[in-house]
Structures are given as structure tokens and as C-alpha cells.
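Hi,

Here is the structure I promised to pass on. Please have a look at it first; my notes follow below.

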Amino acid sequence: MIDSVMNVKACIFDLDGVIVDTARYHFTAWRRLANELGFDFSEAENEKLKGVSRRQSLNLILEWGGITIPEEEKTALTDRKNEWYVEHIRQMTADEILPGVVDFLNEVKWAGLRVGLGSASKNARTIITQVGLLEYFDAFVDGTLIPRGKGKPDPLTFQLGVEQLGVLSSECIVFEDAAKGVTAALNCGTYTVGIGSPEVLGHAHLVIPSFENYRLAEVMQLLETATMTNSDS
Ligand code: B16
Ligand code: MG
């Protein structure tokens, strides 16, 4: 049950699409795999893979290509894709942190709030280390901790996050760029801020386009108003 945003003690950040944008690296690698299997898919289709686990992404892509592959052969395919993807992310630097993120993280720290990561990616630690942000995180939940079938919109990612942070869900704000991620956070009972467009993330308590030009105090104020209005209606 959401109480007052002034009780907030922690923030959990999704990774891809919130802290960095690796969607284009995923796209390049998945497309290479699809091309080897004899088909192609579009950037618009790639959008549907945001926040979706690696295995589930493969299943969707195979569906688009009209291809059926036995379960036992799928790991070899996701491993291949991941090798190509890791080649890209190993080149990442702090320049790829999205605008406003570092200032916002600093504000969260200065306000004495705890900071967690809640990502579907099994490569999250590599990415966060590459861009030099590891020291900000008091809790780290990534795809290596999430069993198959329990990815977003299941709340487990964020439940583990609040547990690691030692706070209640109602004392935490989650920042997410994917519709399923927003649903996962709402299912967990946190304050939920969508990063992106209201058309896709309208079910969040609040949607902002990015962290650029947004201060923590302003986000808290907007959340307070949004959740008061929602609970009044
Ligand atoms: P990996 P997030 C997600 O990260 C990506 O948005 C999604 O496109 C990707 O398939 C998923 O991680 C798994 O990534 O193959 O590196 O384990 O947005 O939850 O931080
Ligand atoms: Mg994301």
C-alpha cells in the first residue's frame, strides 16, 4: 500500500533504457542470428524485446521468422547471440550513460537513499562496471538471479531488490523503461516511474521522458501529487 513518498528510503533502477541504451547492440546481435537462420526482423519488432529475457527474446524472434527449434538447441543459439553482444558491451564507456543519470544518482545518494539495480540482463554487472557506476549500488539484482518464467512482469526482480536493500516496497521508487517492467514494479507495490513515453508506460504512477532536467525533489513532488490524485479517484 502506497503511503507517502516522503517515506521513501530507496530507489531501484532498471538498466537497459534507463541507465544506458544497449537496445541497438541487442538488435545487431539478434539480427545477425536471425540472418544466419535465413530471415530478418525490423527495428520496430526489436522494440518488443525491451525488458524481455534472453530466452523469451529468442522465442519471439523465432516466431517472427516462422521457425521452430527444439528446446535443447536454443541455448546454443542464445549463447552465440550473447557472444556477439558481449563484444559490443566490452567496448562501452561512461560516455554511454544516458543524459542526467549521473546527476540523478548523485542526488539520490546525497539524499541518503539506498540504490539498487533491477535488470533482466545477465550482463548487467559487466555493463555497469564498463560504464564505471558499480560503486553507486547497494543492491544488485540481475538476470542471473531470476529463474525462467519469473522475469518481468513477475515482481520477483524488484522483490529481491527491496529485500537486498532492507526496505519495504512502499518505501521504494522503481525507474523502468519497459511496459512489462512497470507492471512488475506495480505488482511489487513500489512507487513506479516510467522513463519514456506515456503511450507505452501510462500505467506507471508517473512518466518522465528521461532524467535530463529532472531533479529528485521534483520527481518526489510529482509522485506525491500523482499518487494522491490516484488514491482520491
Ligand atoms: P541479456 P533491462 C533487458 O535489460 C533488456 O532490455 C532486454 O532487451 C534483454 O533481452 C534482457 O535485458 C536480457 O539481457 O541477454 O544481457 O541477459 O531493461 O531489464 O535492464
Ligand atoms: Mg529496460
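Into which domains is the protein chain divided? There are domain 1 (5-21 + 95-232) and domain 2 (23-89), with bounds that come from an automatic or database domain assignment.

Some housekeeping: this is a predicted model, in which local features need pLDDT of at least 70 and side-chain atom pairs count only at pLDDT 80 or more, while totals for chains, interfaces and linings use all residues. Residues are numbered from 1 along each chain as its sequence is written, chains are lettered from A and ligands numbered from 1 in the order in which they are written, and side-chain values use heavy atoms, with hydrogens and water left out.

Back to the domains. Their C-alpha centres lie 26 Å apart, and 14 residues of domain 1 are in contact (heavy atoms within 4.5 Å) with 14 residues of domain 2.

Now the pockets. A pocket here is an open set of points on a 1 Å grid over the protein atoms alone, where a 1.4 Å probe fits, with protein on both sides within 12 Å along at least five of seven lines; lining residues have an atom within 4 Å of a point. Grid points are joined across faces, edges and corners, and a volume is the space filled by probe spheres set on the points.

The largest pocket has a volume of about 770 Å³. Its lining counts 38 residues, and Val-52, Ser-53, Arg-54, Arg-55 and Ala-120 are the closest to the centre. Domain 1 and domain 2 each contribute at least three residues to this lining, and α1 (23-36), α3 and α4 each supply at least two; helices are DSSP runs (H or I, at least four residues) and strands likewise (E, at least two), numbered from the N terminus. By class, the lining has 8 nonpolar, 17 polar and 13 charged residues (Ala, Val, Leu, Ile, Met, Phe, Trp, Tyr, Cys and Pro count as nonpolar, Asp, Glu, Lys and Arg as charged, and the others, Gly among them, as polar).

The second largest pocket has a volume of about 300 Å³. Of its 16 lining residues, Glu-47, Lys-50, Asp-177, Ala-178 and Val-200 lie nearest the centre. Two or more lining residues come from each of α8 (179-188) and α9 (198-201). Both domains give residues to the lining of the second largest pocket, so it lies between them.

Two backbone details are also worth a look. Lys-152 and Pro-153 are joined by a cis peptide bond, with omega about 20 degrees, and Pro-153 sits in the loop between β3 (139-141) and α7 (156-165). Asn-213, a residue other than glycine, has a positive phi near 70 degrees; Asn-213 is placed in the loop between β6 (206-208) and α10 (216-232).

Happy browsing, and best wishes
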